[in-house]
Amino acid sequence: MTVQQQNLPSSKPEEHHIHFDMRRFVREHILRSWLLAVWLVVLTYITAVITWGQLQSATVVTAVVILIWAVTLIMTVYNELRHKHNPMTLWLKANLYSSITNVLLTLLLTLLIFAGIRSFFDYAFTRANFSPIPEVSDAWEASYAETGQEPGANWGAVIDNMRNMLVFRYPQEESWRLYAVLGYLGVMLLASTVVYSQERFRRSRLRRAMNILWVLTPIITFGLLLGVAVQPELVMETLITSVVSIAVLGGLFFFTKWVTTQYPVAWLGLVMGLIWVAMLAGALYLIVGNFSVKLNPDQAWGGLLLTMIIAVFAIVASFPLGVLLALGRRSHIRGVPAWLTYGSTALLTLYFLVTSTLPGLQDPANLFAIILALWPLAIPVAAYLFQKYFKGNVVAAFCTVYIEVIRGVPLITVLFMSIILFPILLPKGTEVLSTWRVMVAAAMFASAYLAENVRGGLQAIPRGQYEAAESIGLSTVQKYRLIVLPQAIRVVIPAIVGQFIGLFKDTTLIAIVGLVEFLGVANLISAQTDWLGVRREPYIFLMLIYFAGSWVMAASSRRMEKQMGVGER
Amino acid sequence: MAELSPTPRKKQDSIPFWRDGRVIGVFGQIIFVIFVLLGMAWLLGNVSDNIGELGSFRCPDGTESFSCGFNFLGIDAQFDIAESVIAYDPSDSYARAMTVGALNTLKVSVFGIFFATILGTFTGIARLSNNWLVSNIAKWYVDFFRNTPLLLQLFFIYFGVILLFPGIREAVQPLGLPVYLSQRGINLPGLSFLPSSRILFLFLFAALVTVVIIWVLLGMREQRLGKSINRVLWCGLAFVVVMGTGWFVATAVPSSQAIMVSSSLPVSSFEDIPGVVAERLGVSDLAMVETAVADGSLEAAAVNDAALTICVVKGGAPETNLANQLIAANVPYDVDRSDRIDQALRAFEKGECELIVGRSSVLTTYQATLENSSQSSIVSIDEMPIRVSIPRIEGLNFQGGIKMTPSFAAILIGLVLYTGAFIAEIVRAGMQSVPKGQTEAARALGLSEGQRLRLIILPQAMRVIIPPLTSQYLNLAKNSSLAIAVGFADMWAISYTTLNQSGRAVQVFLIVMASYLTLSLIISFLLNWYNRRISLVER
């Protein structure tokens, strides 16, 4: 089969006659070691058994497969022996028939794959029910019960629950909001592909407008999905407030421009900034106060919609937080001096030893209570570690501890914490909807992981870039905003997309904490009276959706990487 | 020239303190600390406000104190746990219940890491196979499991596969192996260790020491002679010789196992038993019973009536020892299990069974306590150090072997398949990171394939593999918390029950987070230590 000789160049065309040394072949490919010989015997036996079984259960397909296998094998061997391959046999030789093991494995695996496909096809199509009407489905099941055959997939449950799976209990009469969001996002994506890919829009107003629109997109979609609307009796008022606000802000804009050009003093700029903040906040307060939210997300949001909302929110919200955490963890500001740290910890420790440990040790119940009472002794240890590893840098210590604690615990505990612990951490009487709590928890969780990704990117930036930025006189903020972060984030885009895919998959966990997202709906289907106990089919459907979603994201990330030239330069 | 020399610094030239980076840094940090402390104080204030109502920090004397927060750990848990590594009872404390949970998490993590590593390594190598089909199947496996959520896979495995297995009577035996798949989970053959296995373990230890010594000595000899010695062969030979001796010694020592037989069963040695049972059934040879039942000449009920009834202590190795010998002799038997030996003895005394099996010393002491001790006799039986215990359907349950409950099977299989896919990619990347020239150089030096892998490829690939592998192991340990979705009582599931029952939310979360952080630290510490050992020493 594969005599280890290269295809000799055709300098000797007359050598195309077949030359095969049986003894040498056996010595080299079967009896090279006793392990190989035993393995070949075992493999041959398994292949024979499987082939025999398949021949009985699916005669035609198996016979055809064996025939094709035999013909291609003979062709490959023949071409190999006369040292003249065509492209097909060359490929076959390299990929399927390179050794005796591979020849047998190829047949075995092909048969097994065909068997798998056949049984899945049987389950998913031939014996399946596609009718979402319960009566038809019942009749289908009964017909299989009569013959004693195993029924296939009941896709009716999935089809019947399609809307539930996608948006769950989103009110039917508000469906237009979903279409509006879809339409808006579709138009934005389409426009982006045009605007961002073409060179002539590079510095145009259109592109700047698109940027602003993209920044506003989360707010717009949130507003649409929540059913934010002006209260009907306040429409006039809102209009007037908006017009007045815009006019005032416009006036302020020109005034600021005039003032800052006339009197370029630093403190004046600060004052103007403060005025801006105050005016903007006032305008927003006046306008937003007139709006009301129509839908309660705890009830209206569900299914794939909720999954997408949480995943997108978590990744978007975690971005600024993650960048800050990464910068904080890497900050090199001069730390708190050791004398201050140790002095204050000594005082604190003494204070707690007196107020907490002494009463605790008066009447300890057991050893555990004694250990618990001695907790203030941990303060100096913490102070020592803080000085040793962070050199007194409080910011770095805080960010590191946050990142490592969040990364060290499972997501599910963080989610449960948001459900159970948030109400305890907030002032008495504050009620926050579960959806918001879970979203905040997901964002907090994601930010720790994102921080590590961004930190990786920051570390990849050569020192020279920092030094160059400093040497041309940029301030710290400018240095990071203009030089470091753009490069760092470009480097970590693949990692961030990977993280988003992970988050997209991890949102399934909120099904456990009681929100009905995509997987939650799939779990509920089996409890419907029409589709009692139907579990596999919704899960298979979900797997397809998740697989397709993740796959598309991964593919587009690879394309984006190529476009942005990550890994080059 | 004079202009070039630095002008002496005047006082107003020095950086004012509000622009001095050092001062700003410390100042900013102090403000940061104040903000953090204020935030924490606010949260703690809210906590104490809210918790006052819940009463979860109340001391026995009625006052509220944070130091009393963990007193609840001593209260009775009062919930049952389906499976546990250590003995547990609902009357045990919450602390014990949470320990059970922690051990269960540890169990899943350890088994999961072990099997996921094996699966991942094989798949990673399969990804690099020169057979197009093999590498593509591996690729699709990896792609599929990496791109679908773990929780979804767990639900599918648990609800869509394991719970849909047939009932216990129709348990599936894949490929005819002694492995049973049923609604009750997965039952596998296991090993039972009889008292004489201690000798075998001593020999095992001796064998390992011998192997290490021979390995080192041969290595020195190899260097001295400059000749290659087949160290694996010699060490394997030494191991087999020592273990063989061990087995011989362990089986040669007098048996510690015995049966106590009531006078209704007239036997004086184990060899008599088949004859007695055959006589009861009216057949000459017990080997024919099965065929006789199959062709209808003998009724199954008759066989059941004639079956030997045995009293044993639950889960003991003596039972496996006797059962294996009875099965070998084709003797039909029924087992009556008790929790303790005295209960088993009482059952024997009442005549519920014809014989009782256990250690001969134990049986002798107990025989004296029997009212009519002369009615029973003690017969010694053979003992093997290690017996294979094969699961056997008895009534509505499996007896013997290793039991995997559906929940445990689901979480273990799910974690192994999911993490295995990630590990496969890591292994593939590691193997591919070794330059081709290394392989060629190894071949040029005349190293064998095994030596090439062991000495050249693996050490270099390991450096690339270990760091991401660490994070995968950590992920597996953390993902084991999804066990709550399939009803396996792991750390988080039990903590959650504790939380719901006791209402101590803050404390339970603190304990859970501390436990998971500890687990993460242990895993990363072990692998970092290993990584330091194998990593390249630069400059």
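Which exposed residues does the face of helix 12 of chain B turned away from its buried side carry? The first legend below gives the reply. This is a predicted model, in which local features need pLDDT of at least 70, side-chain atom pairs count only at pLDDT 80 or more, and totals for chains, interfaces and linings use all residues. Residues are numbered from 1 along each chain as its sequence is written, while chains are lettered from A and ligands numbered from 1 in the order in which they are written.

**View 1. Helix 12 of chain B has a buried side and a face turned away from it.** Helices (H or I, at least four residues) and strands (E, at least two) are DSSP runs, numbered from the N terminus. Helix 12 covers residues 360-369, and Ser360(B), Leu363(B) and Tyr366(B) are buried there. Buried means that 20 or more other C-beta atoms, placed from the backbone, lie within 10 Å of the residue's own; exposed means 12 or fewer, and partly exposed is in between. Seen down the helix axis, the buried residues of helix 12 of chain B fall within an arc of 130°, so they line one face of the helix (the arc is that of the directions from the axis to the C-beta atoms). An α-helix has 3.6 residues a turn, so residues three or four places apart point the same way. The face turned away carries the exposed residues Ser361(B), Thr364(B), Thr365(B), Ala368(B) and Thr369(B). Look for the cover over the buried residues too: it includes strand 4 (257-262), helix 11 (341-349), strand 7 (355-359) and strand 8 (376-380) of chain B.

**View 2. Five strands of chain B form an open sheet with mixed pairing.** Their order is 6-5-7-4-8, and two strands pair if DSSP finds at least two bridges between them. Strand 6 (333-338) and strand 8 of chain B are the edges with a single partner strand each, so one side of each is left without a neighbour in the sheet. On average, neighbouring strands of this sheet are turned by 30° against each other, direction ignored. Five bridges link strand 4 and strand 8 of chain B in the antiparallel sense, and Met260(B) has Ile378(B) as its bridge partner in strand 8. Helix 10 (residues 317-328) of chain B lies across strand 4, strand 5 (308-313), strand 6 and strand 7, at about 125° to strand 7 of chain B. For such angles, axes are lines fitted to C-alpha atoms, for helices over the stretch in contact, and values run from 0 to 180 degrees between N-to-C directions.

**View 3. Side chains alternate along strand 9 of chain B.** Strand 3 (residues 190-193) of chain B pairs with strand 9 of chain B over four antiparallel bridges. Ser192(B) finds its bridge partner of strand 9 in Arg387(B).

**View 4. Chain A meets chain B.** Here 47 residues of chain A are in contact with 49 residues of chain B, contact being C-beta atoms, placed from the backbone, that lie within 7 Å. Helices of chain A that each supply at least two residues of this side include helix 5 (100-126), helix 15 (338-362) and helix 24 (536-564).

Technical notes. Two residues are in contact if their C-beta atoms, placed from the backbone, lie within 7 Å.
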